[in-house]
Each structure stands twice: as structure tokens, then as C-alpha cells.
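The sequence and model come first.

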Amino acid sequence: KLRHEVVIIGGGSAGIATASSMLKRRPSLDIAIVEPCEDHYYQPGWTMVGGGIFDAPVTRRPMASVMPKSATWLREAAASFQPESNQITLSDGTTITYAILIVAPGIRLAWEKIEGLEDTLGRNGVTSNYRYDLAPYTWDLVRNLKSGRAIFSQPPMPIKCAGAPQKAMYLSCDAWKERGVLSDIEVQFRNAGGVLFGVKEYVPALMEYVETYGIDLKLNQTLIAVDGPGRKAVFKTEAGEETVEFELLHAVPPQVAPRFVADSPLASADSGFVDVDKFTLQHVRYPNVFGVGDAGSMPNAKTAAAARKQAPIVAVNALAVLDGKEPWADYDGYGSCPLTVERGKIVLAEFGYDGKLLPSFPKWVIDGTRPRRLSWLLKSEALPWIYWNGMLKGHEWLVKPKARKAAKE
Ligand code: FAD
């Protein structure tokens, strides 16, 4: 039986950033990070891999290299929670007690909810930028396609990086345009949602690209089955079911709370995610438990950018609770989705709760609602560096927590 002052579940973007943030503030803190995976991934880079801009290995580093030096890494998966006794159980049966628990195991990609998809991923023209090993296959397919139908699907919300399904499409279209084959390819965007993008200010710029590339935009269409060898996809539509043939299918799976969270006392009744206050990120029933990143129930855009803003909030609030005080900082729901509309230009969506625009730059530097070259430089050059050297190390430029009242005003 182990005991640590702070236990963090998940060594992804949110878990590592939060651990580093807490240790920057209190270097002597005893933190254990529960993480079974030997590698850490910069998932925002996978869109660039699928677009032939990054090589896959630049998005992966050994987990050991991102673990804060003074944290204890427990190489095991968390299996269940016993919050009444301040305890978790790992998959090998070990139990750990804690003063503070921070839950950050991300979101689960539910590939199995689309019949036949898992059997054909990576073959028969079926791909997805949502997996490290498949993003290079997206670029292989795009590079070699000369004609036929290319379908890009988007599942119902919530998903991580809600713009990623269409980012894959725009970069593909741009490559086909460049090669002069776009007019021979029928591009369809089949989106389970009823709008192109959830925050209306960004839609006009995106629609211009939909038109320029000649994309057939189909809303309220959910991918439910794939026949890889037959190259057919089945969509549920308002009119019933439709079977469509394809040469290329970029599929994005539905996404849900990890099972061990959804089945636990920590889960929110409606979504299964860690049931937290959307401002303080403190659990609504267990004050010494916090949720951060994609696994939290707060209704922000699930992005690494959101985790970057949440980490210091959770850090200061959790340290306050550890000291017997109340959480004092508020998260404003910030999330960001750099929409790669063409190679070299990005529509930089940045917004918080209720779709409130929260741009990081004044409009004359970057107008996020318009395609900009500077936004592309941010995504392709600056953000990966900021991620590895700033966010994961607890250097919090521009994201210092504000006191609760100030943040709410
Ligand atoms: P993750 O980073 O996924 O980490 C979760 C960790 O928990 C993993 O290391 C996992 O191994 C571990 N874990 C899982 N189960 C257990 C368990 N039982 N016990 C212990 N550990 C466990 N974000 C942006 O900001 N901008 C973008 O442009 C962007 N584009 C994206 C494009 C794609 C294709 C994808 C897939 C994602 C993109 N994102 C983007 C989203 C971003 O990657 C996620 O929002 C971010 O990684 C969330 O961090 P997290 O720590 O919550 O989850």
C-alpha cells in the first residue's frame, strides 16, 4: 500500500503540465504520476503529419523525458477510485492513498462504435489523424490519390480538437489543388453536427474554403459502419441510412469518458466525465479531487491549449485545498483550435465558455477569424516549442491564474 501527498492520473498534456506547475510553486511536494504508457505524444502535431508537414516522430517523446524529475512515476494504469477513503487502485491491485487526487486520463476514442472500422484502419484507403500510427497513412493516401471520392467524417460532440476532422480535409484539398487533381476528386465533409464549426465567428472564413475547394458539405450525417475491402461507408442521415463508395475515408471516432472514470463515483451522471466545477475544476462532491484536460466534465473545447490554461488553475486551487483553504482561481473556458485551411495559412479559433472569443493577440497582429500566415508560423514553429519547453515544464507565460472574482467579471 502506497501513499503520496498528490496523485495525478495520466501523464498526458494536462497531467504533466499540472504536475510541473505544482512543483514550480512547491518544489518539495510529493507527487506520484500514474501513467502506463512509455511515450508521450504531442497530438496537435498529428494534423501536420497527416498533411505531410511534420514527420510523425517529432510528435513523440519518451515519457521519461517529460516526467518532472522530482515526481514518482508509477508505470501502471489506474483501474478504480475509492474517493470516500482517499484511495485509488491500480490495474495490478496496488492501492495508493492521497491528500489530493488530480484526474487527467484524457478522452477515450471509441473506434468500436463504428462497425468494421477497426478492421480496416490503415488499409483500403481508410485512415485517421486521431492515431499516431495512422496519420502518416493519411499523407500516403493524399499524395497518391488522383481521382475518386474522398470522404471526411466528423462524429457527434464532444471530441478532442473539434476542428481536426476538417483540418485534415483542407490540407488534403490544398495538396490536391497544388498537384492539379482537385477537380477530379469529389470531396465530401459528412458531419454529425448541424453546423460547420461551433463558434459562428469562424464559419465565414471556413465556408470560403469549402467553396474554393468545391467541398460537398453534408450536415447531420453520422458514420456508423465501414466496409474496407468493398470501399463503402454507411452513414445515418435524417432520411435513414445511406451507403457511399469512397477511394479515401478519413474517419474520426466518437469519443467518450474513459471507462474506469465513467464507472466510478467521480463520474458526472450525464457525460461520465470527471464531475467538476467548470470554473475551479474542483470535483463537485469530493473537494480534494480535481479534473483537468479532456477527462473533465467542463464544457470547454477539449484541446491541449485548454489544458495549458487549466493546469495552473488546478495547481493553485489544489495547493490551496492541501493547505486547508478554498480554491481561489477560475478557468474561463479557454480553448484553441488552429484551423489549417491551407498549407501556410490558419484560421486561429480561440474562445471560452459560451463561445466568447478570447484572442491571445490584438486584431492587428492576428485576426483569428481570418486566414493568416502568422497563425501558421505559430502552429508550425512556436506552439510545439512552447508545448515541450513551456507548458510541460511549468513555465506559464501568459497563463498566470487570476483570482476568482476577477476571472468571473
Ligand atoms: P492526453 O494528452 O490524451 O493524455 C492522457 C494520458 O492519460 C495518456 O498519456 C494516457 O496514456 C493516460 N491514461 C489513459 N488511461 C489511463 C489510466 N487508466 N491510468 C493512467 N493513465 C492513463 N489540441 C490543441 O490545443 N490544438 C490542436 O491543434 C489540436 N489538434 C489535435 C489534433 C488531433 C488529431 C488530436 C487527436 C488532438 C488534437 N488536440 C489539439 C487535442 C489535444 O491533443 C488534447 O486535448 C490533449 O492532449 C488533452 O490532454 P490530456 O492530458 O487531457 O489527454
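An unreviewed UniProt entry carries the annotation "domain: FAD/NAD(P)-binding" over residues 5–123; UniProt positions are given in the numbering used here, feature names are shortened, and annotations may be inferred rather than shown by experiment. The model is predicted: local features need pLDDT of at least 70, side-chain atom pairs count only at pLDDT 80 or more, and totals for chains, interfaces and linings use all residues. Residues are numbered from 1 along each chain as its sequence is written.

Over residues 5–123 the chain is 22% helix and 32% strand, with the end C-alpha atoms 47 Å apart. Helices (H or I, at least four residues) and strands (E, at least two) are DSSP runs numbered from the N terminus. Two strands count as paired if DSSP finds at least two bridges between them.

An open sheet of five strands pairs in parallel, in the order β10-β17-β11-β12-β13. Its edge strands, β10 (126–127) and β13 (216–219), each pair on one side only. Strand β12 (residues 185–191) runs parallel to β13 and is joined to β13 by four bridges; F189 stands opposite L217 in β13. Helix α6 (residues 164–179) lies across β11 (148–154), β12 and β17 (248–250), at about 155° to β11. Axes are lines fitted to C-alpha atoms, for helices over the stretch in contact, and angles run from 0 to 180 degrees between N-to-C directions.

The largest nonpolar core has 120 residues, of which V7, I8, I31, I102, V103 and L206 touch the most other members. Such a core is a set of buried Ala, Val, Leu, Ile, Met, Phe, Trp, Tyr and Cys residues joined through C-beta atoms within 7 Å; buried means that 20 or more other C-beta atoms lie within 10 Å of the residue's own, with C-beta atoms placed from the backbone. Helix α9 (residues 304–322) gives the largest share of this core, nine residues. Domain 1 (2–107 + 257–408) and domain 2 (109–254) both contribute residues, so the core lies between them; the domain bounds come from an automatic or database domain assignment.

Leaving out residues up to four places away in sequence, I8 touches G15, T18, A19, I31, I33, V34, I102 and A104. Contact here means C-beta atoms, placed from the backbone, within 7 Å.

Definitions and conventions. Two residues are in contact if their C-beta atoms, placed from the backbone, lie within 7 Å. A residue is buried if 20 or more other C-beta atoms lie within 10 Å of its own, exposed if 12 or fewer, and partly exposed in between; C-beta atoms are placed from the backbone.
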